[in-house]
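Subject: Handover of a structure and notes on its contents

Dear colleague,

Please find the structure below, followed by an account of what was found in it. Kindly read the account with the structure open beside it.

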Amino acid sequence: MNITEMSGQKAIPVIVQQVEPSDFKNITKKQFFFRWDQLKGLADLYKLTFEDSPGILGLMALVDVPAEYRIEIKLLTVSKENKGSGKQYGGIAGCLIAYAAREAMGKYEGLACVSLKPKTELRQHYINKYGMKPGGDQVYLDGHELQNLINIYKP
Amino acid sequence: MSYKKLLKQYTPEELVESFVFPVKYTAKQQEQANKDLAAARKISQAKMTEDDILKARLYQLRFQLEDYLKKDYDPAMNFGHFLDRYLKVLNKRKKEFAAEIQIHETLLSHLISNRREPNDSVIIRLELHSNSIIPAIDWYKLAEKEKEHQIRTDGSLREKESPFVTHNLKLAV
């Protein structure tokens, strides 16, 4: 799985792993916008880092809903320097969402689903950017669209 | 920085490339959201083709194989185990599958029972057969994991080879 270095359009390999207790000292609200420590025990927390360096570039909180063969993305952010037009690396959020898709597919194969509750103004943009489908107020990926995202980002 | 401030500073396109914000529903909203999502999924599930379902099963096998590669060695999760599961996902008999990748049925049986190690040709043919959904490198790493464990732990081979080493380095280690 790769993200893109914006200055040279170079592909950089990254990995997604579970957040370790020792990571929380580096996960500040200033750098990652939210109080991630408050999600401990309520969601599975994942971090995206370079393959060969421990610095965290993005974070994601997932909640598994086995009864519905679904994984919900509760929260996701890139690090401060990777948002907006001046970002250093692109594709961080896409890689994290694709990782959620991989987790769902690994557990629930053909029934797998990834969903999120979007802010109203962003709903259509998740659909445009990640091929998500509308499901009432929520948006989701399953079937062909889930596989497409996995094929694009190769988690 | 609040969501409203971010919305003023960044375009929606930039925000979906950086965030999934927390959204809280009331119990009533959540109930409705669950119903709406279930209804939408029912329709998309009905549209799934046989190919979509088969691909999903193959991806599941691949991700489980890749997850195992990151874990400690487990003798039950060997090459034969995953090859057997591959055949089960495809719902193919050994004879049929052996013919499709042009290997002898006996070799296939030996690979599944882990009595033979796969060579590079078999590994490449498995990738080609799955249309690259399960890459050759995954099968290779699986076979290597087995080999690595064997090399690390094979005491009887060390005993057998010992007479051939007539002089070893007398170093304190």
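Two strands are said to pair if DSSP finds at least two bridges between them. Helices (H or I, at least four residues) and strands (E, at least two) are themselves DSSP runs, numbered from the N terminus. This is a predicted model, in which local features need pLDDT of at least 70 and side-chain atom pairs count only at pLDDT 80 or more, while totals for chains, interfaces and linings use all residues. Residues are numbered from 1 along each chain as its sequence is written, chains are lettered from A and ligands numbered from 1 in the order in which they are written, and side-chain values use heavy atoms, with hydrogens and water left out.

**Strands of chain A**

I begin with β8(A) and β9(A), which run antiparallel and are joined by three bridges. Within this pairing, A:K133 has A:Y140 of β9(A) as its bridge partner. The hairpin that the two strands form has two residues between them, and A:G136 takes a positive phi near 70 degrees there.

Is β9(A) enclosed or open? Five of its five residues are buried, so β9(A) is largely enclosed by the rest of the structure. Here buried means under 20% relative accessible area, exposed means over 50%, and partly exposed lies in between (1.4 Å probe, protein chains only). In a regular strand the side chains alternate between the two faces of the sheet. In β9(A), A:Q138, A:Y140 and A:D142 point one way, A:V139 and A:L141 point the other way, and all are buried.

β9(A) also pairs with β7(A), in the antiparallel sense and over four bridges. There A:V114 stands opposite A:L141. β7(A) is covered on both faces: A:C113 and A:S115 are buried on one side, and A:V114 and A:L116 on the other.

**The interface of chains A and B**

How many residues does each chain give to the contact? Chain A gives 51 residues and chain B gives 38, where contact means heavy atoms within 4.5 Å. The area buried between the two chains is about 4200 Å², and carbon and sulfur atoms give 55% of that area. Buried area is the accessible area (1.4 Å probe) that two parts lose on being put together, summed over both.

Five salt bridges are found across the interface; a salt bridge is a side-chain nitrogen of Lys or Arg within 4 Å of a carboxyl oxygen of Asp or Glu. B:E17 forms a salt bridge with A:K87, with the closest N and O atoms 2.8 Å apart.

Among the elements that give two or more residues to the side of chain A that touches chain B are β5 (70-78), α2 (92-108) and α4 (143-153) of chain A. The largest share, seven residues, comes from β5(A). β5(A) also pairs with strand β1 (residues 19-20) of chain B, in the antiparallel sense over two bridges. A:L76 stands opposite B:V20 in β1(B).

**Individual residues**

A:E145 lies in helix α4 of chain A. With 25% relative accessibility, A:E145 counts as partly exposed. The side chains of A:E145 and A:K133 make a polar contact (3.0 Å). A:E145 and A:M132 are 13 residues apart in sequence, yet 7.1 Å apart in space, C-alpha to C-alpha.

B:R62 belongs to helix α4 (residues 50-69) of chain B. Because its relative accessibility is 16%, B:R62 counts as buried. A polar atom of the B:R62 side chain lies 3.0 Å from the backbone oxygen of B:I133.

Finally, B:N131 has a positive phi of about 55 degrees although it is not a glycine. B:N131 lies in the loop between α8 (120-129) and α9 (136-153) of chain B, and at 65% relative accessibility it counts as exposed.

Yours sincerely

Conventions
Polar contact = N/O pair within 3.5 Å; in protein donor to acceptor, adjacent residues only side chain to side chain.
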